[in-house]
Structure formats: structure tokens, C-alpha cells
Amino acid sequence: MGSTILDNSIKFVQGVGEVRAKLLEKELGIVTMRDMLYHFPFRYIDRSRTYKVREVTEDNASAYIQLRVRVLGKAFAGEGRKQRFSVYCADDTGRVELIWFRGVKWIEKIIEPNREYIVFGRPSFFRGELSMVHPEIEVVEKALSRKVESGLQGIYSTTEKLSTTLGGKGLYNIVCSLWGVVRNHIHDYMPEYIVRKYGLMSLEEALYNIHFPQSPEKLRQAQYRLKFDELFGIQLNIQARRSERTGRRDGFFFPKVGDKFNTFYHTKLPFDLTEGQKQAVRDIRQDTVSGVQMNRLLQGDVGSGKTVVALLSMLLAGDNGFQSCMMVPTEILARQHYASMTKMCEGVLVRIAILTGTTKAKERREILAALEAGEIDILVGTHALIEDRVQFSNLGLVIIDEQHRFGVEQRARLWTKNAQPPHILVMTATPIPRTLAMTLYGDLDVSIIKGLPPGRQPIKTYHYFESARLSLQNFMRKQIERGRQIYVVYPLIAESEKMDYLSLQEGFDAIVRDFPLPKYKVAVCHGKMKPELKQQAMEEFKNGQADILVATSVIEVGVDVPNATVIVIESAERFGLAQLHQLRGRVGRGSEQSYCVLMSDEKLSKESSKRLEAMCQTTDGFELAELDLKLRGAGDINGTMQSGEAFDLKIANPTYDNQILQLAQELAIQILGVDASLSHPDHLVLRELRDRYAPEHKTDFSEIS
Ligand code: ADP
Ligand code: MG
């Protein structure tokens with residue numbers, strides 16, 4: 001869409017204006033008319049269906065529904081900012097309470113007793129009584145006069161802040177006005193021959209039907225077209241990058257397996273590598289003598305032993321006269337890797353250093369100087385490694401651990417540290433099926449470490465309610481008596497950080513009470529602590545001085561204490577599956593039987609109990625990832641276990657839309673194969689699509705702790 005009208009600010013659309021435009025930008029990142037046009041409904045509801053109160057049950061209560069009810073009365077409760085406003089309504093089958101916590105004055109004014117309304121919202125039950133919080137409400141006459149052609153109406157995602165001024169319906173109205181403005185300015189960027197070949201709907205029709213479906217079939221076609229565009233746009237980028245990289249042939253050469261690698265491998269490595277680890281090392285060996293820069297994703301479930309593969313690769317780099325660095329997402333993890341690598345490499349002629357945000361100025365200067373002089377072989381660290389002042393003398397290999405925690409931009413900055421690009425190895429426990437990874441990342445080759453090192457027993461997982469607290473404590477005592485150690489984890493979620501912090505403090509106090517000194521030693525570790533204290537707590541736990549570590553999800557990623565055999569996760573219902581799986585991976589790292597105990601409230605949403613149930617049933621990361629997707633539904637790709645973090649997918653889901661993905665990939669390869677720069681007259685229009693999906697530059701540096 002080369003037309004300029006779509007680049008205009010959304011504020012010019014009727015019903016928006018300056019104030020709302022600012023809000024839209026802040027809350028949803030919508031700035032231009034195009035942004036709004038591409039803010040698709042996340043689901044559709046059938047407005048032609050009106051429920052009776054009696055028909056609403058706890059089973060269908062998760063969906064949005066529409067009721068036709070008469071107002072019986074209204075009442076305020078609470079005071080000041082805690083005020084709530086209730087409207088009591090009924091139809092001929094039952095009663096429902098409508099509740100507002102915000103915008104109370106305004107709602108109060110428009111509600112008239114004894115009048116009939118169409119209300120629309122998500123029902124909930126409290127003690128068997130039906131209620132709806134912040135429903136949309138409209139007098140019957142008006143609601144019925146507005147006809148939605150197919151009965152299908154889009155529901156737009158909004159945010160809590162936005163919903164007071166612009167709820168889902170407000171967004172719908174804006175899109176209606178917007179459509180009038182832009183409809184004649186949409187021209188297709190897909191070459192005619194592709195549209196024909198793949199039987200695609202035109203762009204204009206697709207955009208219209210995605211917002212205002214004329215029929216379920218038209219909606220399906222619209223979704224197909226927009227998914228196709230999205231995945232094809234991404235593939236145009238990925239495949240271009242890939243052919244550029246593999247065409248360059250300027251990869252560093254690591255032909256030699258020398259003293260560093262051999263001494264370590266034959267005299268230091270305390271175990272045999274698993275078949276998966278060996279294969280990964282072989283893959284890396286092959287890449288580093290191919291003449292092409294390596295770009296490899298090493299995937300292996302939590303505890304599968306990725307770190308030692310990383311170390312072996314870095315020793316290989318060292319044997320060939322190259323430096324390497326390993327970037328990890330948290331300070332704790334950096335220190336852990338540094339400590340274990342230094343220990344494992346005692347007696348190996350390799351110089352290892354660590355650089356993090358808390359490295360003291362003097363030490364930092366020394367490290368930076370040594371690094372530039374080529375006196376350091378392996379540098380481990382956090383985001384601090386990206387800073388411009390970190391200069392290597394000959395960086396040959398970059399490893400990124402838990403890569404999903406880093407943005408694309410951050411990673412890219414590491415590989416521009418050399419004129420000649422270093423080899424790249426990114427490691428993740430996020431289970432992405434191989435085919436998916438290759439189509440989604442495209443430019444990455446994939447090695448997978450299947451299975452765990454031998455001798456591990458599957459972790460036993462249980463889900464308990466508060467009523468089992470005493471027996472849990474007994475169990476914990478027994479484990480400690482046997483010399484084992486225990487993690488107790490509390491959620492920490494940004495919005496209610498204060499509250500969570502309190503619950504951690506309370507939990508800590510309770511545990512100290514139940515597990516008193518001198519018999520027991522309890523350590524605590526959370527994001528608000530000074531790094532030194534955090535470090536101290538981790539060390540106490542690591543070297544066995546502390547029996548219990550009370551922590552926030554700061555320990556989620558990568559922490560390795562093989563003697564810890566129990567992890568108790570408090571308020572487990574508040575964690576996502578991916579996080580629970582990562583947390584559970586903190587135990588089961590030695591040969592002892594390990595346990596994961598999920599503590600939760602007795603009142604659980606259906607989804608939460610399914611999540612917890614799944615955790616009890618399987619320890620397989622792939623299985624959990626699939627289930628995670630199912631539970632979240634197709635629309636919600638960001639933040640899932642399989643998210644394609646590098647790309648901002650609005651509608652496509654690379655798992656469900658695998659077939660479209662494959663078509664898009666083939667087409668991209670084919671087109672770029674004959675016209676890499678998209679210069680052919682038929683392809684010029686495609687540049688817009690390609691550029692729109694160029695990977696965004698994320699700059700989120702926040703260290704999650
Ligand atoms: P992750 O893949 O989650 O990063 P780690 O690299 O932290 O896993 O390894 C988990 C634990 O397994 C570590 O204690 C490590 O020393 C151990 N380990 C790794 N490989 C093997 C192996 N082949 N045999 C036995 N233990 C291993
Ligand atoms: Mg790890």
C-alpha cells in the first residue's frame with residue numbers, strides 16, 4: 001500500500017482526536033491509520049444469538065455472550081476509589097448483576113430502571129450467582145436497529161487502561177469510521193500472478209472482511225490472505241538474509257582440535273556425552289570448517305546439558321586461536337557458568353573471565369584491556385557484553401544462552417563486533433519442532449539434544465491445595481534430613497509487584513518459623529535485593545550451606561544445583577506452562593528422585609487447572625508446548641512456548657498455519673532465487689511487504705529477575 005493516507009495519524013479519524021490518539025499509541029502502539037487497520041479482532045462473536053440467563057452455565061462462562069434483560073434496580077457499594085456500582089437485572093428465566101468499578105458516574109446516569117437492555121460481556125459466577133463486570137450495555141431498540149450483516153462481530157483486544165475510554169466497542173466504532181476514509185486507498189502489493197496462483201482474496205476485500213465479516217467463509221478467506229501476507233513477508237526477509245550469509249563464504253576456519261579441547265575432553269569432563277550432545281558438537285565442528293559463518297540453534301530441554309556443548313565449542317575456538325564469548329540473561333546465571341567452567345577447566349590452558357553490570361570499574365578496565373590484547377579466551381557475561389567499549393582482539397564464536405530472553409537487536413549487536421562475522425550458537429530450552437524452527441527462523445540451522453543424561457529419574461509432580469500444607473512440610477523435613485535441598489518459589493508479576501513481594505516476605509517468614517535455626521538454614525533471593533546479597537544467597541544454596549532457598553522466579557532460568565531435589569511452587573496457577581516447566585527443570589539434575597510440588601488456590605479457572613494437571617502428567621517439554629498452544633488458542637502466539645519472538649505476528653500462528661508457512665517459504669525462495677533484489681517490474685510492489693516485516697529492533701534490556 002504505497003498510498004499515503006494510511007500513513008496519516010489515527011487522530012484524524014472521526015471519534016479519535018488528540019487525547020485518544022495518545023492513548024492508542026501508548027496502550028496499543030497504534031499511531032497511523034494503517035496501524036489501526038492492522039489491529040485485527042482477536043475473536044468474533046455471533047451477535048445474532050442472544051442468551052437467556054438460565055442458559056449461561058459455568059461451562060460456557062468463559063466466552064463473551066449477549067443477554068437481553070430488564071433493569072430492576074441499582075446500588076452503590078464501597079467508598080472513594082473502592083467504589084462499585086451494581087445494576088440488578090433479570091429476564092424471564094433468572095437474574096444477573098452487572099458491576100462497574102470505573103466510569104461509575106457515567107454509567108449511573110445512563111441506566112434507567114425498568115428499561116430493557118442488550119448487555120454483552122464475559123459472565124462470571126460468584127456463589128452460584130451470575131454477574132458481569134464492565135459489560136457493554138445498550139438499550140434494546142438501539143441495539144436491534146444496528147444490523148451486523150453476517151451476525152459476526154469482531155472483538156478487539158484493548159487494555160485495562162484503554163477500556164475506560166475506549167472499550168472493545170469503541171475500537172469497533174473507530175474501525176468503522178476508519179474504513180470509510182481508507183477503503184478507496186488500499187491497493188494490493190501482491191503481484192497479480194501470485195494472487196491468482198494461490199487463489200487469494202484481494203487485499204481490500206480481506207481487510208474489509210477481517211473487520212466486518214460478510215460470512216464465515218469470507219472471514220476464512222480473509223484470514224488466509226492476511227496470514228499468507230504476514231508469513232510471506234517474513235520469509236522474504238529470512239530467505240534474503242540466508243542467501244546473503246551463505247553466499248559470503250567468510251566464515252572463520254576452526255580446523256584444529258588441539259590441547260584445550262583434548263585436555264578437557266579426555267581428562268576433565270566428568271561424564272560421557274550423550275548421543276545428542278555428541279551430535280551437536282559434530283554439527284558445530286562441521287559448520288566451523290565449512291567456510292560459511294555458522295548460525296546454529298541448539299535446542300535441548302531443560303537439563304539436557306547444553307552448557308557443556310557450549311564449553312566444548314569455545315575450547316575449539318580457543319584451539320584455533322580465536323576468542324569466544326557467552327551471553328546469558330541474568331547475573332546469577334553468568335556467575336554460575338563462570339564458576340562451573342573455571343572449575344571444570346582447572347588444568348586446561350584456557351583463560352576465562354566474567355563481565356557483568358556489577359563488575360567493579362577497576363576490574364572492568366583490566367578485563368577490557370586483556371580482552372583487546374587477546375589475553376582472554378572465553379568471556380562470560382550478561383548484556384554488559386554488548387556495550388561498545390567491549391572490544392575483542394579476534395572474536396570467533398558468540399554463544400547466547402536462553403536466547404529467547406534477548407531481542408533480535410541485542411543479538412545482532414554482538415555479531416557486529418568483528419568486521420568478519422563470528423560464528424553464532426544460540427541455545428534454548430524452548431521446544432520448537434525442528435521443521436517449525438527452520439521455517440520460522442529460516443536462517444538458523446538446528447541441532448537438537450534429545451533426552452536427558454542417563455541416570456536421571458523423571459521428576460514426580462504433584463498438585464496440592466493449602467489443606468496439604470502440613471504434610472508438605474513433613475515431606476520437606478524428611479528430604480532435608482536426607483541431605484537434600486529445596487527451592488520454594490513465589491510468583492513475581494510486574495503489575496502487582498508490591499503485593500507479590502509481600503507474599504514472598506510472608507512466605508519467607510512462615511518458612512523460617514516452620515524450619516527454625518539452628519536445625520535448618522533458609523536463604524532468600526529476589527529481584528529487589530542487591531546483586532551481592534543475591535549472589536551470596538545463591539552461593540549458600542549452591543554449596544549446601546542453606547537447606548531451603550526461598551526465591552522469586554529469578555531462579556527460573558538455568559540455575560544448576562544438582563543436590564536440590566524438591567521445588568515447591570507457590571500460587572502455581574499464576575505461572576504460565578513455559579515458566580512452570582522451566583522452574584521444574586531446576587530439580588532432577590542429579591541421580592536422586594526429585595519432586596515438584598505445585599501449590600495453588602482451591603478456586604481455579606478451568607485453564608489453570610488444566611495447566612497444573614498437564615504438569616503432573618508429563619515432563620516432556622514438547623508435549624507441554626503443544627498443550628500450551630491449545631490452551632491459549634491460536635490467536636495468542638506472543639509469550640507462548642513456541643513464540644516466534646523475532647517477528648511481530650498479528651494473525652498467523654506458525655504452528656497451526658504450518659501449511660501456509662511452507663507455501664510462503666517456497667514462494668520466497670523461488671522469487672528471490674531469480675530476483676534477489678525484487679527489481680523485476682512484477683516484484684517491485686513486493687518490496688513494501690518485505691520491508692514491513694523486516695525484523696523489528698527490540699531494545700528491551702530489562703534484566704528479568
Ligand atoms: P541445560 O541444557 O538446561 O542448560 P545444563 O547444561 O545446566 O542443562 O546441564 C544440566 C546438568 O547435567 C549439569 O549439572 C551438567 O553438569 C549435567 N550434565 C550435562 N551433560 C551430562 C552428561 N552427558 N551426563 C551426565 N550429566 C550431564
Ligand atoms: Mg542452561
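Visitor: How do α11 and α12 lie relative to each other, parallel or antiparallel?
Guide: In this predicted model, α11 and α12 are roughly parallel to each other, a label for angles under 35 degrees. Helix α11 (residues 275-287) and helix α12 (residues 306-319) pack at about 30°, and their axes are 10 Å apart.

Visitor: Which residues of α11 and α12 make the contact?
Guide: Gln277, Ala280, Val281, Ile284 and Arg285 come from α11, and Val308, Val309, Leu312, Ser313 and Leu316 come from α12. Contact here means heavy atoms within 4.5 Å.

Visitor: Switching topic, what is the angle between α8 and α9?
Guide: Helix α8 (residues 203-211) and α9 pack at about 120°, with axes 8 Å apart. That makes α8 oblique to α9.

Visitor: And which residues of α8 meet α9?
Guide: Among them are Leu203, Ala206 and Ile210 in α8, which meet α9 residues including Leu219, Ala222 and Leu226.

Visitor: What about isoleucine 238, buried or exposed?
Guide: Isoleucine 238 is buried, with a relative accessible area of 0%; buried means under 20%, exposed over 50% and partly exposed in between, using a 1.4 Å probe on protein chains only. Isoleucine 238 sits in helix α9 (residues 216-248).

Visitor: How far is isoleucine 238 from glutamine 665?
Guide: Their C-alpha atoms are separated by 9.1 Å, although the two residues are 427 apart along the chain.

Visitor: What should I know about the numbering and the pLDDT limits?
Guide: Residues are numbered from 1 along each chain as its sequence is written. Local features need pLDDT of at least 70, and side-chain atom pairs count only at pLDDT 80 or more.

Methods
Chains lettered and ligands numbered in written order. Heavy atoms only, no water. Axes fitted to C-alpha atoms, helices over the stretch in contact; angles between N-to-C directions. Helix = DSSP H or I, 4+ residues; strand = E, 2+ residues; numbered from the N terminus. Parallel < 35°, antiparallel > 145°, perpendicular 65-115°, else oblique.
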